[in-house]
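This report goes through a ligand site, a chain interface and some backbone features, in that order.

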Amino acid sequence: MEHRRKKILKAAFTLSCAFLLIVLGSGLWAAPKLIQSAKGGNCAACHTDQPALSQSHPDTKDMNLEACRACHTRENMDLTGKLPASHMHLLGGVSCEACHGKTNKPEETPMEKCVACHGPTAKLAEKTKDVKPTNPHTSPHYGTELDCNLCHHQHKKSENYCAQCHSFDFKTP
Amino acid sequence: MKKGDVTEKTLSRRGFLKTAGGAAAVAGFAAGGLGFPSQAQAGPDALPKKWDETCDVLVVGSGFAGLAAAIEAKEAGASVMVLEKMPTHGGNSIINGGVMAVVGSDMQEARGIKDSPDLMLADMMKAGLDMNYPELAKMVAYQSKDAYDWCKQHIGVKFTDPKMLLHMGGHTVARSCPTSIYSGSEIVNKELAKFKELGGTVTTRTYLEKLIRHANGRVVGAQIRTGYRFPDAGSGKVKFVKVKKGVVLASGGFSQDVAFRMTQAPNLVAEVNSTNQPGATAEVLKEAFRVGGNPVQVSWIQLGPWASPDEKGFGLAPHFATGPVFSYGIMVDPKTGKRFISELADRKIRADAIIRTGHAAIGISDDEGQKSCGGPPGTVGKLVERGVVKKFDTLEELSKAHDMPYAAVKESVDNYNSYLKTGTDKEFGRYLQPDAKPIEKAPFYAVRLWPKVHHTMGGVQINTSAQVIGLDGKPIEGLYAAGEVAGGVHGAVRLGSVAVVDCLVFGRIAGKSVAKMKAWS
Ligand SMILES: Cc1cc2nc3c(=O)[nH]c(=O)nc-3n(C[C@H](O)[C@H](O)[C@H](O)COP(=O)(O)OP(=O)(O)OC[C@H]3O[C@@H](n4cnc5c(N)ncnc54)[C@H](O)[C@@H]3O)c2cc1C
């Protein structure tokens, strides 16, 4: 009796493991592939398993950031925080290589790279001085020198680093 | 129900109210019975097959203490590595309020305040319930002026105008000097700049995982993780660092380590908020114990009585509570409308008293009092805008908004105003500021106050040379500690503004001592 029960349990366990493997293997939850040569608007190049946009969305294949912004304005369907920042870069014509260089093993990008295109941090802080509840680009702690990458992630959702200790509800692009 | 309310209920439900005599709700378990493994039990650590890097001095932590040690060691000619596990330098020091206790500062001089190291020492010992290691406390009191001069002259720290010198709870006289920007960043960033000027670097996202103690008793190296991503324990790459002179532990306190702090003070459950940075955790302290360091008063954990449940972390309310409420206003229990403790008692007495009522206290001030608010410019305005401090035309409206009996509140205010005339607080013997004006000028201000976990007084034992002391009472060769990770300076209670000076004094001592150590090879 006891032996039989163990056997059934064992079989059930093996079965569920197999099921799990199939599910994982099928790519249902697999992350999109990073195709470096893909154009920004060519969602399907990387998002092979699941379409990134709904079917009713106009075809983006030949679009760049400017084209997106024809519909997505600040006021209407704002893209801020919706699209990973790397996609914004890509759509704006900034390729993977521009940040990571030509390589098969991309490394993390230092802040100097950001500043090289976006300009000095002090200028940025000046631009955002009226943001409420407080200027996100300067603080009594780090001045204007907090690493961009701590908030503005490229390959995952950006975050609000200040929120560790403060209740500033910034929308981080 | 607001988050603050959960905290209030949890805390009081978990037995604060029932603590006999109200003494030491948070503290009280002697460290002696904790049973940490001694080095003898644990045995020596295996040496790695290969060292990846070598330095004379390895500093763990990039706050006040770590950087002070790094600068001194570097200036003494040692090669120094500074590890910081977080993506940013500065730990609690960079979010700190920037207030430093100093005996004999030019600020005190300008204000004609008489003070002495012995008076500061007496204040520290009184608040510390005489549990302080007197020889350690003495180093801090006697070297505060030296540390202050070092800040100003050697690394270029700026402090406020002397009129902003603060008289903080538990201090006999006004001796707490705020930095120009009311933040510890003014000190820690200048320390970092100095260290860089000397050719040093702080490697962020680098985690100290293990100390390596040789069979001969000496700490000879460390196992670290580079590219670490807080708080993922296994992240980053393991590397071994050979340390020829010594390791300086300057990893700060453990106020954010809920699991560990609950082993010391079980009532400090996760719902009890903290003012600290998320990386204020105990792994380095535990590692110091594992290699044989003696634990000192680890269960003495301080809650800040000036914290507001209506904002995150330390926030800005402490600035409002310290000046306008505790020095120039009053704090009442909303249920009775009465004062219940001297607003200038030490932190533990005040925090315990608030918690004993079972709900947030109400701090009251007026248009005159609010002028004494410290913090960056515009602090009062910001607090009002964020709804942390509320503004009212009359005391009656203020009382109503907080469900307080107006008649009783009015009586408390009238009583306090009458004490100002006679110069004595008949109820609680609080020190009354000579320039205090009666609370009577609209608008009136109110802030809710409910304590948050703020400082861990206990830590690993050190001597006056900042050497870590083992369970056998002898220094552990090659191991030093300074700042909040070390225990004994403050005993039961740390007085406000004494942490900065403690970290700087002992950080510098640690740096000088370790540089003198003979290198092994
Ligand atoms: C909000 C706030 C305000 C305060 N205001 C005041 C004040 O005005 N006056 C005053 O006297 N005191 C104040 N204090 C207390 C004081 O700031 C602290 O006690 C002090 O900053 C501790 O300094 P430290 O150098 O010991 O540690 P920290 O500054 O905390 O630095 C320790 C560093 O070590 C790092 N670390 C920890 N573990 C590891 C590891 N395994 N590997 C690598 N790195 C590690 C941490 O991430 C941290 O960065 C305040 C504290 C807080 C939280």
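Which residues are closest to the ligand, and how many surround it? The ligand has 41 residues around it, and the closest are Glu84(B), Ser93(B), Val99(B), Glu283(B) and Glu484(B). The model is a predicted one, and every value below was computed from it.

**Ligand contacts**

Lys85(B) takes part through a backbone N or O atom, and Leu208(B) through a polar backbone atom. Each of these two faces a nitrogen atom of the ligand. Glu484(B), one of the closest residues, instead places a polar side-chain atom by an oxygen atom of the ligand.

| Residue | Atom of the residue | Atom of the ligand | Distance |
|---|---|---|---|
| Lys85(B) | backbone N or O | nitrogen | 3.2 Å |
| Leu208(B) | polar backbone atom | nitrogen | 2.9 Å |
| Glu484(B) | polar side-chain atom | oxygen | 2.6 Å |

**Interface of chain A and chain B**

The next topic is the contact between the two chains. Chain A contributes 13 residues to it and chain B contributes 15 residues. Together the chains bury about 1300 Å², with 51% of that area on carbon and sulfur atoms. Of the area that chain A buries against chain B, 38% comes from His141(A), Tyr142(A) and Cys165(A), more than from any other three residues.

The rule finds 2 salt bridges across this interface. One of them joins the side chains of Glu108(A) and Arg205(B), at 3.1 Å from N to O. Polar contacts across the interface of chain A and chain B amount to 8 residue pairs, with both residues at pLDDT 80 or more. Sorted by class, the side of chain A that touches chain B consists of 8 nonpolar, 4 polar and 1 charged residues.

**Backbone features of chain B**

Most residues other than glycine have a negative phi, and most peptide bonds are trans. Some exceptions in chain B follow.

Two cis peptide bonds can be described here. Another cis bond links Ala442(B) to Pro443(B), and its omega is about 0°. Pro443(B) belongs to the loop between α14 (406–422) and β15 (444–449) of chain B.

Positive phi values occur at Tyr182(B), where phi is near 50°, and at Asp403(B), where phi is near 55°. Neither residue is glycine. Are Tyr182(B) and Asp403(B) buried or exposed? Tyr182(B), in the loop between β4 (176–178) and α7 (185–197) of chain B, has a relative accessible area of 10%; this is under 20%, so Tyr182(B) counts as buried. Asp403(B), in the loop between α13 (395–401) and α14 of chain B, has a relative accessibility of 72%; this is over 50%, so Asp403(B) counts as exposed.

**A buried tryptophan**

Where in chain B does Trp300(B) lie? Trp300(B) is part of the loop between β9 (295–296) and β10 (301–304) of chain B. Its relative accessible area is 10%, and Trp300(B) is therefore classed as buried, the limit being under 20%. Gln264(B) is 36 residues from Trp300(B) in sequence, and the C-alpha atoms of the two residues are 8.1 Å apart in space.

Technical notes
Residues are numbered from 1 along each chain as its sequence is written. Chains are lettered from A and ligands numbered from 1 in the order in which they are written. This is a predicted model: local features need pLDDT of at least 70, side-chain atom pairs count only at pLDDT 80 or more; totals for chains, interfaces and linings use all residues. Side-chain values use heavy atoms; hydrogens and water are left out. Contact means heavy atoms within 4.5 Å. Buried area is the accessible area (1.4 Å probe) that two parts lose on being put together, summed over both. A salt bridge is a side-chain nitrogen of Lys or Arg within 4 Å of a carboxyl oxygen of Asp or Glu. A polar contact is a pair of N or O atoms within 3.5 Å; within protein, one must be able to donate a hydrogen and the other to accept it, and residues adjacent in sequence count only if both atoms are side-chain atoms. Ala, Val, Leu, Ile, Met, Phe, Trp, Tyr, Cys and Pro count as nonpolar, Asp, Glu, Lys and Arg as charged, and the others, Gly among them, as polar. Helices (H or I, at least four residues) and strands (E, at least two) are DSSP runs, numbered from the N terminus. Buried means under 20% relative accessible area, exposed over 50%, partly exposed in between (1.4 Å probe, protein chains only). A residue is near a molecule or strand if one of its heavy atoms lies within 4 Å of it.
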